[in-house]
Amino acid sequence: MADYSKHGGGGTSWPGRARLALAISAGKLAGASGRLFRIGGGTSLPGMIARRIDPNVLRSVMATTTAKKIVITGSNGKTTTARMTAAIADASGRRVSHNRTGSNLLQGVTSVVVNFADIFGRLDSDLLLFEIDEGTMPVAMPEIQPDVVVITNIFRDQLDRYGELYSVAKALDKLLESLPETATIVLNGNDPQVASFGQQARARKLYFGLRTTDVGRPVPEHAADVIRCIRCNEDLVYEVAYLSHLGLYRCPNCGYELPSLDVAATSIHLDPRGDGPTQVTMETPLGQLELTLPLPGVHNVYNAAAAVAASIAAGFGIEKVPAALSNIRTAFGRLEKIQAGDQTIYLAFVKNPTSFNLVLRLIAQHPGEKHLLLVASNTVVDGEDFAWLWDVDLEEISPQVADVICSGTKAEELAMRLKYAEVPLDRVRVIHEREAALDAALQNAGPGGTLYIMASYTPTQELRRIMQKRGWVKPYWEE
Amino acid sequence: MTNEQGKDTRLVLRIGHLYPQLMSVAADRGNLFAIVKRCKWRGIKTAIDQIFVRQTPDFTQYDLILFHGGADREMEVAARDLQAKAPSLREAAESNTVFLAVCAGYQLLGHSYKPFEGPELKGVGILDLHTEGGSTRFMTHIAIECEFPECGKQVLVGYENHSGRTYLGPGAQPLGRVLAGWGNNGKDGYEGAVYKNVFGTYLHGPVLPKNPWFTDLLITRALARRYGQVELPPLDDSTEQEAHAAAFKLAMAFKGTVSAIDATPWRERLSPGSASRSL
């Protein structure tokens with residue numbers, strides 16, 4: 001548990017309270033002006049300003065609230081899992097505060113508090129839902145003191161930010177030990193590494209995952225990260241692999257295997273055209289659920305299972321789950337379908353080989369030749385080390401590629417990767433400027449055509465801003 | 001234009017890919033793609049064997065051996081397994097097989113690797129060098145200058161991400177001189193190591209695709225072992241040259257930073273305007 005005394009307890013004394021009020025007011029003002037002047041959603045700015053005035057702002061508000069606090073972390077699926085959890089809580093009559101735009105570093109998390117609290121730091125919510133970047137967890141978790149921690153999965157992600165896979169995992173596992181008995185840890189049982197978490201933790205553990213042979217492959221794909229036993233380093237044997245290293249696994253040497261799943265998708269019917277809906281039967285400790293998810297792909301079954309497990313852990317029950325999940329929409333940039341006049345755009349935010357491969361596999365099922373726009377940049381959030389592009393199976397889609405525009409500071413590397421995936425050179429063009437790249441790609445798609453955009457984080461936001469200016473999408477903070 | 005398969009030369013390059021899953025942390029399979037495609041485009045066939053733990057093939061049958069990077073945990077597994085493979089690997093190195101060893105693979109071709117925490121790992125001792133773990137990681141864009149009789153002075157570009165500090169003994173030559181980045185140990189200004197046809201480097205990215213001159217050097221030397229001197233017909237490398245130029249620009253822009261990510265401002269630092277060109 002965190003030691004509050006050494007942090008001064010911002011909200012206890014009069015000067016402390018005044019400072020907290022000032023911090024929250026200034027943060028709110030910054031967010032409002034950001035939206036007013038359309039310079040951005042103000043999703044991390046309010047938190048940044050507020051923390052500058054009172055570094056304890058998040059800690060102070062968290063210490064006094066009676067709301068349930070759910071933290072969702074992991075490499076992939078955080079945003080959609082959080083949205084699904086929010087929808088279930090909302091349908092169950094809970095008032096939810098949520099960093100729903102996916103601004104998941106410490107500032108974005110603090111923004112939730114600044115946006116939803118009054119100036120005295122009081123929150124009028126039953127549930128505080130935080131999506132948190134796995135690298136931010138060590139600083140954010142002690143400040144939040146969550147009731148439920150969900151770990152979706154751990155994939156190779158931005159090696160240059162967090163060092164290697166195991167150090168991220170080790171840090172997360174260690175953090176779980178600080179949770180009290182009253183807390184619940186929700187873990188992906190299909191992820192050999194995540195499933196091994198919390199062995200030393202006092203908190204209750206709830207495992208979610210898939211247990212079916214309706215989907216998946218017999219062996220993990222090449223970009224899989226953890227395929228050796230977490231205990232004895234022997235190669236794991238898979239009965240079925242659903243997504244990268246997620247699957248039904250067993251160690252032939254020491255017998256380590258996946259834990260018994262509390263929330264398990266036992267029957268899955270995916271849309272063969274890769275577009276949705278997905279029919280899922282889910283077993284839970286509170287009974288069986290029949291779900292129709294309007295979203296495509298196995299990854300969204302994981303998101304739903306994680307959200308259901310989180311809702312059970314938080315005490316929301318399962319009655320409202322089918323209704324809540326039946327009209328869930330894609331989060332911004334998650335293969336988001338956008339109408340652009342008579343043209344259709346699918347916008348996918350891709351940040352690691354797993355998410356990129358997943359999108360490629362889905363759109364490969366869409367009929368016809370593909371017009372693509374690929375954008376990758378080097379910024380803090382996008383990462384400097386772009387080596388992982390070579391773990392992306394562009395070969396799977398190269399026979400379907402009609403044309404590609406590459407943009408961003410990594411445009412040349414993208415073009416070269418396409419060349420080595422044997423996409424003919426005359427179908428590939430580099431256009432650095434974002435709007436020009438979008439226009440050229442739309443021109444490639446032609447009247448009534450479909451354009452697929454795969455972009456890293458910053459370019460996804462930039463492209464969306466352009467589309468918002470053109471009236472094709474709502475600003476992401478108004479979704 | 002399209003890259004077609006080259007006219008069949010009847011040449012076959014035999015490749016041994018060491019620990020293709022265990023040691024593959026930084027997508028270094030791109031090195032294999034570069035070699036295979038640049039051979040294919042010239043009508044040279046490639047035969048690839050994947051070599052896993054517990055297998056002890058005769059490594060002298062390979063013209064080229066790839067040995068890539070992994071995290072400390074994988075490295076431990078590899079180090080233990082390597083001892084059974086070491087005699088045959090050494091024989092291959094002495095018989096002029098080409099090795100490309102990257103990061104952890106590079107370290108394990110040396111005498112030893114002492115991590116910052118944990119027990120020392122024994123290498124295979126093909127390269128006269130040893131490595132010690134440091135407390136900070138070098139994680140940045142890197143460019144080095146190399147010189148070889150076949151191609152004169154050339155620049156290698158890539159990304160480095162390592163806490164190991166490598167020190168060369170008299171039996172190994174550095175691969176190149178650091179232009180930007182940190183290289184072997186951040187002190188002596190050199191990067192990588194060469195002994196006969198054994199090349200070790202910290203450069204990933206992966207290193208070969210955007211350094212086609214180096215890929216072709218490895219292919220030429222690998223073929224020479226069984227076929228003598230083979231002239232590789234030139235390819236259209238304009239795409240690779242542009243990627244090389246972009247990576248070189250990044251290396252220079254980040255020169256002196258230990259961690260590129262810490263030094264990156266939120267906005268893109270290089271905005272090359274609205275240049276549009278057909279490849």
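Colleague: Which residue stands opposite Val98(B) in β4(B)?

Modeller: Leu64(B) stands opposite Val98(B) there. This is a predicted model, where local features need pLDDT of at least 70, side-chain atom pairs count only at pLDDT 80 or more, and totals for chains, interfaces and linings use all residues. Residues are numbered from 1 along each chain as its sequence is written, and chains are lettered from A and ligands numbered from 1 in the order in which they are written.

Colleague: How many bridges join β3(B) to β4(B), and which way do they run, parallel or antiparallel?

Modeller: Four bridges join β3(B) to strand β4 (residues 98-102) of chain B, and the two run parallel. Strands here are DSSP E runs of at least two residues and helices are H or I runs of at least four, numbered from the N terminus; strands pair if DSSP finds at least two bridges between them.

Colleague: What does the chain pass through from β3(B) to β4(B)?

Modeller: Helix α2 (residues 72-94) of chain B, in a right-handed β-α-β crossover. Right-handed means that, with the strands pointing away from the viewer, the path from the first strand over the helix to the second runs clockwise.

Colleague: Where do the side chains of β3(B) point, and are they buried or exposed?

Modeller: Leu64(B) and Leu66(B) point one way, Ile65(B) and Phe67(B) the other, and all are buried. Buried means 20 or more other C-beta atoms within 10 Å of the residue's own, exposed 12 or fewer, and partly exposed in between, with C-beta atoms placed from the backbone.

Colleague: Switching to chain A: which residues have the most contacts inside the largest nonpolar core?

Modeller: Val186(A), Ala305(A), Val308(A), Ala309(A) and Ile453(A), in a core of 231 residues. Such a core is a set of buried Ala, Val, Leu, Ile, Met, Phe, Trp, Tyr and Cys residues joined through C-beta atoms within 7 Å. Helix α10 (residues 298-313) of chain A gives the largest share, 12 residues.

Colleague: And why is α3(A) largely enclosed?

Modeller: Six of the eight residues of helix α3 (residues 57-64) of chain A are buried, so the rest of the structure largely encloses it. Among the buried ones are Arg59(A) and Met62(A).

Colleague: Last one: what are the scores?

Modeller: The model has ipTM 0.92 and pTM 0.83. Chain B averages a pLDDT (the predictor's confidence in each residue, from 0 to 100) of 90, and 92% of its residues score at least 70.
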